[in-house]
Amino acid sequence: HRFSVSAAANGELAADPAYTWMDVETYDTPGYSSKPGLSDYEKWIVSLGESSFGTKDQDFIEEPISRGDPNCKIDLAFLVDGSWSIGRRRFGIQKKFLMNIAQVLDIGVAGPLIGIVQFGNNASTEFNLQTYRNPQDLKIAIEKIPQRGGLSNVGRALSHALGTFFSSEQGNRGGAPNVVVILVDGWPTDKVEEAARLAREAGINIFFITVEGADQTERQNMVEADFVDKSVCRTNGYFSISVPSWFKLYQAVGPLVKRVCDTERLACSKTCLNSADIGFVVDGSSSVGTGNFHTILQFVANISKAFEISDTATRVGAVQYTYEQRLEFGFDQHSTKEAIITAIKNIRYWSGGTSTGEAISYALKHLFSKSKANKRKLMIVITDGRSYDDVRAPALAAQRNGVIAYAVGIAWAAMDELEYIATDPDKDHSFFVDEFDNLDQFVPRIVRNICQEFNSQPRN
């Protein structure tokens, strides 16, 4: 029966050169751990059978809350296999592995936080991300986890992580990448692909460590063959680690830690809702009128509400234009959804002419020039009439600078100008309504198109 560990894993193997394979029966010999010549790791394996983890680790004096490593700020869930097939000793090896990870990661409030879910037939949270905030307390808590038994339902465990574990109520910090490490004895006893897809689309990074993989005959009995490749973000080996033996699981500590802490490569944590700089270019001309201008602002607010707003997730900025242009607020001014909505509602109606081309150029220079390199740049231009200036050259310049443009026209807006402004294909990026009150019907469609475009791009 194969063991696998899924995690937003990181790292390089720290193999113990003094370690050599020994027969399991040898380890069972009473008193063997006291024999001379054993490596530290061999003594540790023997202690698993003789006295679990002993009482030594329980004598820790409680430490104050650790700050942790700020270069590895992640929210990490270990999904621990508690199925009966794993047995007592292997369940102990899992726990020792987790204790080593907790020590190496240097958990704390400014760095990585760890919670643990145990699964068998069903999944349940042993403790969440905020329960333990220093390595020593976490190690003691891991040691005390009892084995609950059952099957190895990994898909159900992933669904639990998506639906419950990473909620704000469970301590999810929002600005930290979500990472899952799944430990499985053998192969899953339920389907994993669909649950993994939903988890990835929600921004959860999934990694697998496989131990003693199934042979060809065993693979035919799997519920879902090739479940590792179907579950991870990429299949180039970065999100999966293969370990040849249970008793060499310790070698995966280094690779796992290195990879989960390399947040730049946790591409799965980027979703269509948390990885953009969205700039609204809003028509404030006289033809709009005060009442209709407030309708436009509500439309802008409703689009913004659909995204995850923070200084590390999606950011929002706004420009209002007539003959002139005004930066209402930039990408770096408001870092919460509430602050963004308030800022939008406080925009004062300007009134004047309609120079949409100059407005696009202004937004490119004063708004999108401050966009972060790793953000998708989305411009949403809203206008109710034909522009007094040319829109083609500014729109082309924006697209050459990597800006994806959406054009929303109302009432007297010119269809040809909307198509010039919009990124190709026009049908996905340009919209027209004849009444201001009908604007809101486009909110779900615009958000859906943004997400479809994001999900269609290569992620490697």
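## A walk through a predicted protein model

Let's start at one particular proline: P425 sits in the loop between α14 (415–421) and α15 (426–429). What kind of peptide bond joins D424 and P425? The bond there is cis, with an omega of about -5 degrees. Keep in mind as you look around that this is a predicted model.

Now zoom out. The protein has 460 residues, and 55% of them count as buried. Its secondary structure comes as 16 helices and 13 strands. How do the pieces meet? Take the contacts between residues at least 6 apart in sequence: 80% of these join residues at least 24 apart.

Next, head inside. The largest nonpolar core has 70 residues, and the ones that touch the most other members are F78, F97, L105, I116 and V180. Which helix gives the most to this core? That would be α3, covering residues 87–105, with eight residues. Pick out F97 and see what surrounds it. If you leave aside its neighbours within four places in sequence, F97 is in contact with L183, I209, L249, A252, V253 and L256. Apart from this core lies another one, made of 38 residues, and F307, I344, I404 and F436 are among them.

One is D106, found in the loop between α3 and β3 (113–119). Its phi is near 55 degrees, which is a positive value in a residue other than glycine. Is D106 buried, partly exposed or exposed? D106 counts as partly exposed, because its relative accessibility is 32%, and the partly exposed class runs between under 20% for buried and over 50% for exposed.

The other is S351. Find it in the loop between α11 (337–345) and α12 (356–366). S351 is not a glycine either, yet it has a positive phi of about 80 degrees.

Notes:
Residues numbered from 1 in each chain as written. Predicted model: local features only at pLDDT ≥ 70, side-chain atom pairs only at ≥ 80, totals over all residues. Heavy atoms only, no water. Helix = DSSP H or I, 4+ residues; strand = E, 2+ residues; numbered from the N terminus. Buried < 20%, exposed > 50% of the residue type's maximum accessible area, 1.4 Å probe, protein only. Contact = heavy atoms within 4.5 Å. Core = buried A, V, L, I, M, F, W, Y, C linked by side-chain atoms within 4.5 Å.
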